[in-house]
Amino acid sequence: MFEYDQDIVKELLDENERFQHLYQQHSTLKTQVREAESGLHPLDDLSLITLKRKKLLAKDKMAHIIQQHQREHA
């Protein structure tokens, strides 16, 4: 995730509580989706779709924070 912005991600993880929260949330959701898809913790289709949407929303919010950071430090 955000492989091309690893320096910014590291900086934001050190300095930005909101980004830290979103990063942790995304990581947790990613694990839950992976476990559901592998059958470790099966979910019905609607629950899996909901998890994937929450994961994507967290990623979108992190991307927005990264973009804002880039504009402020350009």
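Leu29 is found in helix H2 of this predicted model. Leu29 is buried, with a relative accessible area of 7%, and its contacts beyond four places in sequence are Leu51, Lys54 and Lys55. The axes of H2 (residues 17–38) and helix H3 (residues 45–72) come within 9 Å of each other, while helix H1 (residues 6–15) has buried residues whose cover includes H2 and H3. The points below take individual residues of H2, then the three helix pairs, and then the sides of H1.

**Residues of helix H2**

- With a relative accessible area of 49%, Gln24 is partly exposed; the value lies between the 20% limit for buried and the 50% limit for exposed residues.
- Gln24 and Ala58 are 34 residues apart in sequence, and their C-alpha atoms are 9.4 Å apart in space.
- Glu37 is a further residue found in helix H2.
- Leaving out residues up to four places away in sequence, Glu37 touches Leu48 and Lys52.
- For Glu37 and Leu48, which are 11 residues apart along the chain, the C-alpha separation is 8.3 Å.

**Packing of H2 against H3**

- The axes of H2 and H3 cross at roughly 150 degrees.
- An angle over 145 degrees counts as roughly antiparallel, and H2 and H3 are therefore roughly antiparallel to each other.
- The crossing of this pair, H2 and H3, is left-handed.
- On the H2 side, the contact is made by Arg18, Phe19, Leu22, Tyr23, Gln25, His26, Leu29, Lys30, Gln32, Val33, Ala36 and Glu37.
- On the H3 side, the partners are Leu48, Leu51, Lys52, Lys54, Lys55, Ala58, Lys59, Lys61, Met62, Ile65 and Ile66.
- By class, the residues of the contact of H2 with H3 comprise 12 nonpolar, 3 polar and 8 charged.

**Packing of H1 against H2**

- The axes of H1 and H2 come within 6 Å and cross at roughly 110 degrees.
- Angles of 65 to 115 degrees count as roughly perpendicular, and H1 and H2 are therefore roughly perpendicular to each other.
- H1 passes H2 in a crossing that is left-handed.
- H1 contributes Val9, Leu12, Leu13, Asp14 and Glu15 to this contact, and H2 contributes Glu17, Phe19, Gln20 and Tyr23.
- The contact of H1 with H2 contains 5 nonpolar, 1 polar and 3 charged residues.

**Packing of H1 against H3**

- For H1 and H3, the axes come within 11 Å and the crossing angle is roughly 100 degrees.
- H1 and H3 are therefore roughly perpendicular to each other.
- Ile8, Val9, Glu11 and Leu12 of H1 meet Ile65, Ile66, His69 and Gln70 of H3.
- The class count for the contact of H1 with H3 is 5 nonpolar, 2 polar and 1 charged residues.
- His69, whose place is in helix H3, is buried, with a relative accessible area of 9%.
- Beyond four places in sequence, His69 touches Ile8, Glu11 and Leu12.

- The buried residues of H1 are Ile8, Val9 and Leu12.
- The face of H1 turned away from its buried side carries Asp7, Lys10 and Asp14, which are exposed.
- Asp14 is also among the H1 residues that make the contact with H2.

Definitions and conventions:
Residues are numbered from 1 along each chain as its sequence is written. This is a predicted model: local features need pLDDT of at least 70, side-chain atom pairs count only at pLDDT 80 or more; totals for chains, interfaces and linings use all residues. Side-chain values use heavy atoms; hydrogens and water are left out. Axes are lines fitted to C-alpha atoms, for helices over the stretch in contact, and angles run from 0 to 180 degrees between N-to-C directions. Helices (H or I, at least four residues) and strands (E, at least two) are DSSP runs, numbered from the N terminus. Angles under 35 degrees count as roughly parallel, over 145 as roughly antiparallel, 65 to 115 as roughly perpendicular and the rest as oblique. A crossing is left-handed if the near helix is turned anticlockwise from the far one by less than a right angle, and right-handed if clockwise. Contact means heavy atoms within 4.5 Å. Ala, Val, Leu, Ile, Met, Phe, Trp, Tyr, Cys and Pro count as nonpolar, Asp, Glu, Lys and Arg as charged, and the others, Gly among them, as polar. Buried means under 20% relative accessible area, exposed over 50%, partly exposed in between (1.4 Å probe, protein chains only).
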